[in-house]
Amino acid sequence: MRVIRTFVPNSLQNYNHLVVCEHSQATAAVDPYDADHLLTLAEDQGLRITDIWITHEHGDHIRHLDELKAKTGARVRAPSSCQGRFQADQWLADGDELTLGHSTAQFWASPGHTPGHGVFYLTEPEPALICGDTLFNAGVGNTRSGDTDTLFHSIEQLRQRAHPETRIYPGHDYLPTNLAFTLSILPGHPPAEAMKAISDQQTPDTRLTTTLADEADINLFFRLEDDTLSQALNDKGFSTDTRQDRFTALRQLRDQW
């Protein structure tokens, strides 16, 4: 399956995605913020939106769900935790397989940002993760509507389940800000400095994407065994006895940054 990423103008820095079965051209729109924007993109690509996939219930991820369904008749698939928030044609549980044309994807539960957040994992032609607000390029989601301990376990599980070369497609363009946060904690960190130099020259539409392997270098929430990071958190007065302690400390710092 092919992933088409699009930055949505006049949004909350949202990325929307079209997932395309290249054997049939069946297309899923993920977390529709702007129905007309997605319909124009699909038309330009010669595609027809047949499905709508939802990662979670926040307003900027379902803003034009009803409008897009009304205009396309697309089948809506969403986490079972979203029942009562909106209407869907299929409620998803962890491990469910989704058919899109002649291709398949998996739904993985990834709670933490919200209690029932989920992500979509693709394996062809390369592994890809459509991850909403669970995982960002160089960061992770906030937990104002969820739980930090739960998010820690979700991130750990995603890293175990997904191939290291999985490409990351989050719901927002936060890479420049997240890299700046990394460098505020680990000043001079070479991988983050190198990527920030590239990212700062790009627009949201041309922003680079990362893989899980890249994240191991630039994402502090993936570097919980780093002694330098542990010392930096200790110096700021945080407990660093466990990986979970370090994750929690980083989330608190990112919330205040």
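Tutor: Helix 3 (residues 65-72) lies across strand 3, strand 4 and strand 5 (75-79), and its direction makes an angle of about 145 degrees with strand 4. Helices (H or I, at least four residues) and strands (E, at least two) are DSSP runs, numbered from the N terminus. Axes are lines fitted to C-alpha atoms, for helices over the stretch in contact (heavy atoms within 4.5 Å), and angles run from 0 to 180 degrees between N-to-C directions.

Please keep in mind that this is a predicted model, where local features need pLDDT of at least 70, side-chain atom pairs count only at pLDDT 80 or more, and totals for chains, interfaces and linings use all residues. Residues are numbered from 1 along each chain as its sequence is written, and side-chain values use heavy atoms, with hydrogens and water left out.

Helix 1 (residues 35-44) lies across strand 1, strand 2, strand 3 and strand 4 (48-53), running at about 135 degrees to strand 1.

Now the sheet itself: six strands make up an open sheet with mixed pairing, in the order 1-2-3-4-5-6. Strand 1 (2-7) and strand 6 (90-92) are the edge strands, each pairing on one side only. On average, neighbouring strands of this sheet are turned by 25 degrees against each other, direction ignored. Two strands pair if DSSP finds at least two bridges between them; strand 2 (residues 15-20) and strand 3 (residues 26-30) have four, in the antiparallel sense. Within that pairing, V20 has T27 of strand 3 as its bridge partner.
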